[in-house]
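Subject: Structure handover

Hello,

Here is the structure we spoke about, with my notes below it. Please read the notes with the model open.

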Amino acid sequence: MTDASVATRAAVPARGSLVRGLLRRRGAVLSLGWLLLLTLATVAAPLVTAHGPLDQDLNSVLTGPTGAHLLGTDTLGRDLLSRLLFGGRSTLLAVAEAVVVFLAIGVTAGLASGYLGGRLDWLITRTADLVFALPGIVIILVVLAVFPGNLHAAMVTFGVIGSPGLIRILRAQTLRVREELYVAAARVAGLTRPQILRRHILPRLTSTVIVQAALFAAIVVTIQAGLGFLGLGAPAPAPSWGGLVADASQVIDRDPWMLLPAGLPLVVTVVALGVLGDAVRDAAVEAWAPPVPAPARRPRRPMPTAAGVTTREPDPQALLSVIGLTVEIGGTPVVQDVSFDIRLGETLGVVGESGCGKSVTSLGILGLVPGRGRISAGHVLFQGSDLTASPTTLARVRGSGIAYVSQEPMVALDPTFTVGRQLAEAVARHSGCGRKAARVRAVDLLARVNLPDPAAVAARHPHQLSGGMAQRAAIALALAGEPRLLIADEPTTALDVTVQAEILGLLRSLQTETGMAVLLITHDWGVVADLCDRAVVMYAGQVVEQADVAALFSRPLHPYTAGLLAANPHAAVPGEPLPTIPGTVPPPGAWPDGCRFAARCALATDACAAPVPLTEPEPDRTTRCVHVDRLVQEGTSR
Ligand SMILES: Nc1ncnc2c1ncn2[C@@H]1O[C@H](COP(=O)(O)OP(=O)(O)OP(=O)(O)O)[C@@H](O)[C@H]1O
């Protein structure tokens with residue numbers, strides 16, 4: 001989508017907020033109205049009725065509705081409206097007690113379990129399973145046997161017994177949300193865990209929490225009424241909704257009317273809570289649904305890969321040195337022995353076919369290995385500090401030292417906040433300036449990435465931006481901490497060709513202005529030629545070649561690099577078919593012991609069956625090929 005297409009987007013109904021979505025639903029409005037009315041009437045019961053709930057008048061029993069008693073009287077001549085409202089107080093209190101306990105345990109444990117994982121996750125899920133298996137009603141009856149008539153103890157217990165359901169749901173959602181790129185971006189930006197949970201994860205779970213709380217409240221109302229009906233609630237003569245139904249059922253043959261005021265509020269309240277829960281869920285789905293179909297991603301072309309550099313001394317002048325980095329996901333190495341350096345002001349391209357480990361390498365640098373993977377070997381030195389050895393240094397460096405721009409700007413930005421607020425938050429965090437100054441700086445940053453009318457853009461939510469604008473906003477966010485290294489993972493993949501060129505031009509000018517280093521992951525040799533000083537070629541989790549861009553283009557010293565350059569559409573000869581590399585990249589776990597490219601290589605011989613080390617055939621360039629001498633000769637004679 002181009003920037004111009006924002007106008008088209010604006011014509012599409014905008015995503016409504018949860019509240020607006022709710023207010024558009026008649027059922028939700030009626031339910032909210034009823035619950036509000038009920039709450040007000042019970043709280044202000046002494047003002048609503050002149051009769052006390054215990055006042056008896058044996059001369060007017062079971063009167064039915066009259067002027068003096070709007071809902072009639074019971075068998076002792078007590079005013080039903082008064083008993084209903086005062087009884088409603090204990091119902092509302094019971095609901096509040098149980099729901100508060102339910103939410104306190106469910107939200108805290110669900111978030112902690114899903115986000116922190118590890119042993120805590122194991123402990124929480126096992127405990128939740130155990131509590132889930134307990135027979136709730138039996139436990140409550142036991143509690144009431146130990147504390148007769150103590151509804152508070154019963155409701156707190158019910159809150160505890162109900163919480164495992166919420167824990168499971170929120171844990172599952174947290175696991176999903178924590179993998180979203182804007183959460184990774186928040187980690188890169190240096191937010192602490194509590195900040196990420198509060199600002200980025202909890203808001204995404206709000207609708208689920210409200211739905212679950214409403215449904216749980218409906219269950220509490222029925223349980224509380226059931227206990228009252230059985231005489232296990234508030235001791236007589238105190239009013240309760242369950243007690244009213246019990247009284248009404250005893251005189252149903254003499255005065256069927258009494259069942260109506262006794263039972264109807266109970267039924268309407270339970271239905272209202274259920275309808276409200278459904279409406280919140282529907283409104284949330286609507287609020288989060290994308291307003292227009294996501295722009296189709298450009299199909300990815302197969303790209304060259306490279307081999308990792310084995311043990312070597314890091315460049316003393318490097319800003320970042322990756323040394324022998326090995327990353328495992330699920331116990332399988334997906335990136336192995338990767339090494340490279342970047343100096344300040346330099347742009348290093350990382351190229352390779354899909355699945356060769358480019359993204360995992362860049363995320364590994366930031367300590368953000370996906371899928372609960374881990375760095376199993378190697379070091380990442382940034383300005384001399386080993387980021388793999390010190391989580392504190394890593395946390396300090398993220399955002400301010402190293403920033404990250406992903407290929408999906410629309411999801412890298414938090415959809416819940418305006419662009420300006422996210423930027424201001426990042427600026428304030430990194431610079432420590434006040435809110436007002438941070439807001440001004442946020443608009444400056446948007447201007448710096450050449451967004452027209454930056455103040456207006458600051459007031460928009462990410463979904464109101466086109467792909468190109470969102471990527472510029474994401475770059476502005478990355479610049480908020482004035483990083484020394486920007487990692488850009490295919491920053492133009494999801495954009496139209498014209499916008500791609502603009503974003504690449506922007507990156508180039510920002511680098512010239514700030515002098516920062518850029519690690520650019522790309523599939524596009526055109527981008528490498530245009531922006532990069534050096535390039536690392538990755539194949540099947542290894543670096544296979546690393547060289548100055550000009551040397552790489554003129555004399556590739558790995559058959560894979562040569563194959564990829566030949567398949568480069570920018571160099572295609574009109575009318576001739578574009579050469580391709582036969583076969584596919586072997587997946588992690590299926591890598592051969594020898595050269596990983598051998599099965600696709602025209603030069604392969606028996607010598608390729610043994611492990612191939614990286615060699616340095618020329619100063620400042622490395623390759624992982626046993627036929628390197630032949631390639632050097634061919635290149636020289638060309
Ligand atoms: N979350 C994950 N869980 C399991 N395996 C993963 C996960 N993320 C990546 N991998 C695996 O790690 C390997 C390297 O993936 P990576 O995304 O780094 O490749 P890439 O070169 O960046 O590819 P692309 O250009 O498609 O992004 C792949 O085999 C991939 O299947």
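**Two residues with positive phi**

Ala540 sits in the loop between β9 (534-539) and β10 (542-548). Its phi is near 45°, a positive value in a residue other than glycine. Ala540 counts as buried because 27 C-beta neighbours lie inside 10 Å, and the cut-off for buried is 20 or more. Note that this is a predicted model, and the values here are to be read with that in mind.

For background, most residues other than glycine have a negative phi. Asp337 is another exception: its phi is positive, about 55°, although Asp337 is not a glycine. Asp337 belongs to strand β2 (residues 332-342). Is Asp337 buried or exposed? Asp337 is buried, because 21 other C-beta atoms lie within 10 Å, against a cut-off of 20 or more.

**The protein as a whole**

The protein has 638 residues, and 46% of them count as buried. Its secondary structure consists of 24 helices and 12 strands. Among contacts in the protein with a separation of 6 or more, 69% are between residues 24 or more positions apart.

**Helix α23**

Helix α23 (residues 559-566) is mostly covered, with seven of its eight residues buried. Which residues of α23 are buried? They are Pro559, Tyr560, Thr561, Ala562, Gly563, Leu564 and Leu565. The buried residues of α23 pack against α21 (525-531) and α22 (549-554), and also against β9 and β10. Those are the two strands that the loop holding Ala540 lies between.

**Two helix pairs**

Two packed helices are described by the angle between their axes and the distance between the axes. Both pairs below are given in those terms.

Helix α3 (residues 26-43) and helix α5 (residues 80-116) cross at roughly 115°, and their axes come within 8 Å. The two helices are therefore roughly perpendicular to each other, since that class takes in angles from 65 to 115 degrees. The crossing of α3 past α5 is left-handed. On the α3 side the contact is made by Leu38, Thr39, Ala41 and Thr42, and on the α5 side by Leu85, Gly88, Arg89 and Leu92. By type, the residues of this contact are four nonpolar, three polar and one charged.

Helix α10 (residues 193-229) packs on helix α11 (residues 241-250) at an angle of about 50°, with the axes 6 Å apart. That angle makes α10 oblique to α11. The crossing of α10 and α11 is right-handed. From α10 the contact uses Gln224, Ala225, Gly226, Leu227, Gly228 and Phe229, and from α11 Trp241, Gly242, Gly243, Val245 and Ala246. The residues of the contact of α10 with α11 comprise six nonpolar, five polar and no charged.

**Around the ligand**

How many residues are around the ligand, and which come nearest? There are 14, and Val334, Ser354, Ser359, Val360 and Gly371 come nearest. Helix α13 (residues 358-365) supplies the largest share of the shell, three residues. The shell around the ligand divides into seven nonpolar residues, six polar and one charged.

Regards

Notes. Residues are numbered from 1 along each chain as its sequence is written. This is a predicted model: local features need pLDDT of at least 70, side-chain atom pairs count only at pLDDT 80 or more; totals for chains, interfaces and linings use all residues. Axes are lines fitted to C-alpha atoms, for helices over the stretch in contact, and angles run from 0 to 180 degrees between N-to-C directions. Helices (H or I, at least four residues) and strands (E, at least two) are DSSP runs, numbered from the N terminus. Angles under 35 degrees count as roughly parallel, over 145 as roughly antiparallel, 65 to 115 as roughly perpendicular and the rest as oblique. A crossing is left-handed if the near helix is turned anticlockwise from the far one by less than a right angle, and right-handed if clockwise. Two residues are in contact if their C-beta atoms, placed from the backbone, lie within 7 Å. Ala, Val, Leu, Ile, Met, Phe, Trp, Tyr, Cys and Pro count as nonpolar, Asp, Glu, Lys and Arg as charged, and the others, Gly among them, as polar. A residue is near a molecule or strand if its C-beta atom, placed from the backbone, lies within 6 Å of it. A residue is buried if 20 or more other C-beta atoms lie within 10 Å of its own, exposed if 12 or fewer, and partly exposed in between; C-beta atoms are placed from the backbone.
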